[in-house]
Amino acid sequence: SEDDIQTLTPRSASDSTLRMVAPVSGVVTARAANVGLNVESSMALFTLSDLSGVWIVGELYERDFRAATVGMPVTVTFGAYPDLQLAGRIAYIDPQVKAETRTAQIRVEVPKRKGQLRLGMLAEVRLTNAQQAASISIPRSAIQTLADRTVVYVQDPQTPTRFLERQVVL
């Protein structure tokens, strides 16, 4: 309405700087306002982001679909901060699989830590429970590389003198 519109007018031609106060708290993540720009009331001059909680968007491999569920706890690590591990939860799993990568996007929510996390940072997300239940340890000497595959050999339960090749992901 007309009553809600506020006009900011400089006091004089030499006083062309205006102080603007944001209606909410946050961090400026985009700025369209520059010196000399003519602005209209419908223009967005700044974008404010609330970074008190952070979303991490990642790719979930097809082989991990059955292990991941919404609400599942995860551990997030960052290359920029090798000693930092954050606990988070999967908030969303995209139902669509990208044909090129055979992955689905996931969204993980984690609390922000002292301004360390920044938009666009790289992170690694580990499924907490599934990773522990599905992983095993084997001696490094048992791992074999054949062309572009990594394999191990396991004893056949039906024929103890026979070994079966199994492809593994390290």
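Colleague: Why is Ala-147 called exposed?
Modeller: The model is a predicted one, and every label here is computed from it. The relative accessible area of Ala-147 is 80%. Exposed means over 50%, so Ala-147 is exposed. Ala-147 sits in the loop between strand 8 (144-146) and strand 9.

Colleague: What makes the phi of Ala-147 worth a remark?
Modeller: Phi of Ala-147 is near 55 degrees, a positive value, and the residue is not glycine. Most residues other than glycine have a negative phi. Arg-102 is also a residue other than glycine with a positive phi, near 55 degrees. Arg-102 belongs to the loop between strand 5 and strand 6.

Colleague: Is Arg-102 buried, partly exposed or exposed, and how do you know that?
Modeller: Arg-102 has 38% relative accessibility. Buried would need under 20%, and exposed would need over 50%. The value of 38% falls in between, so Arg-102 counts as partly exposed.

Colleague: What makes Glu-62 and Arg-102 a salt bridge?
Modeller: Their side chains meet with 3.1 Å from N to O. The cut-off is a side-chain nitrogen of Lys or Arg within 4 Å of a carboxyl oxygen of Asp or Glu. The distance of 3.1 Å meets that cut-off, so the pair is a salt bridge.

Colleague: Why is this pair said to link distant parts of the chain?
Modeller: Glu-62 is in the loop between strand 3 and strand 4, Arg-102 is in the loop between strand 5 and strand 6, and the two are 40 residues apart. Glu-62 has 37% relative accessibility and therefore counts as partly exposed.

Colleague: How many salt bridges are there by this rule?
Modeller: The count comes to five. Among them is the pair of Arg-126 and Glu-124, with the closest N and O atoms 2.7 Å apart. Arg-126, at 42% relative accessibility, counts as partly exposed. Glu-124, at 39%, counts as partly exposed too.

Colleague: Why do you say that Glu-165 and Arg-149 tie parts of the chain together?
Modeller: The side chains of Glu-165 and Arg-149 meet in a salt bridge, at 3.1 Å from N to O. Glu-165 lies in strand 10 and Arg-149 in strand 9, so the pair ties together parts that are 16 residues apart in sequence. Glu-165 counts as partly exposed at 34% relative accessibility, and Arg-149 counts as partly exposed at 29%.

Colleague: What is Val-154 in contact with, leaving aside its neighbours within four places in sequence?
Modeller: Val-154, which lies in strand 9, is in contact with Arg-162, Phe-163, Leu-164 and Arg-166. The C-alpha atoms of Val-154 and Arg-166 are separated by 7.2 Å, though the residues are twelve apart along the chain. At 32% relative accessibility, Val-154 counts as partly exposed.

Colleague: Why is Asp-156 called buried?
Modeller: Its relative accessibility is 6%. Buried means under 20%, so Asp-156 counts as buried. Asp-156 is in the loop between strand 9 (149-155) and strand 10 (163-167). Leaving aside neighbours within four places in sequence, Asp-156 is in contact with Arg-162, Phe-163 and Leu-164.

Colleague: Which residues have the most contacts inside the largest nonpolar core?
Modeller: They are Val-76, Val-108 and Val-110, in a core of 16 residues. The elements that give two or more residues to this core are strand 3 (53-61), strand 4 (73-78), strand 5 (81-93) and strand 6 (103-111). Leaving aside neighbours within four places in sequence, the contacts of Val-76 include Ile-56, Leu-84, Leu-86, Val-108 and Val-110.

Colleague: Which residues form the nonpolar patch on the surface?
Modeller: Met-20, Val-24, Val-28, Phe-46 and Leu-48 form it, with about 450 Å² of accessible area together. Met-20 is placed in the segment before strand 1 (27-31).

Colleague: How many helices and strands does the protein chain have?
Modeller: The protein chain has one helix and ten strands. Along the sequence the pattern reads β-β-β-β-β-β-β-α-β-β-β. Of its 170 residues, 17% count as buried. The chain exposes about 13600 Å², and carbon and sulfur atoms supply 51% of that area.

Terms used
Residues numbered from 1 in each chain as written. Predicted model: local features only at pLDDT ≥ 70, side-chain atom pairs only at ≥ 80, totals over all residues. Heavy atoms only, no water. Patch = residues over 30% accessible without salt bridge, like charges linked within 9 Å, V, L, I, M, F, W, Y side chains within 5 Å. Areas by Shrake-Rupley, 256 points an atom, 1.4 Å probe, with all protein chains shown as cover. Helix = DSSP H or I, 4+ residues; strand = E, 2+ residues; numbered from the N terminus. Buried < 20%, exposed > 50% of the residue type's maximum accessible area, 1.4 Å probe, protein only. Contact = heavy atoms within 4.5 Å. Core = buried A, V, L, I, M, F, W, Y, C linked by side-chain atoms within 4.5 Å.
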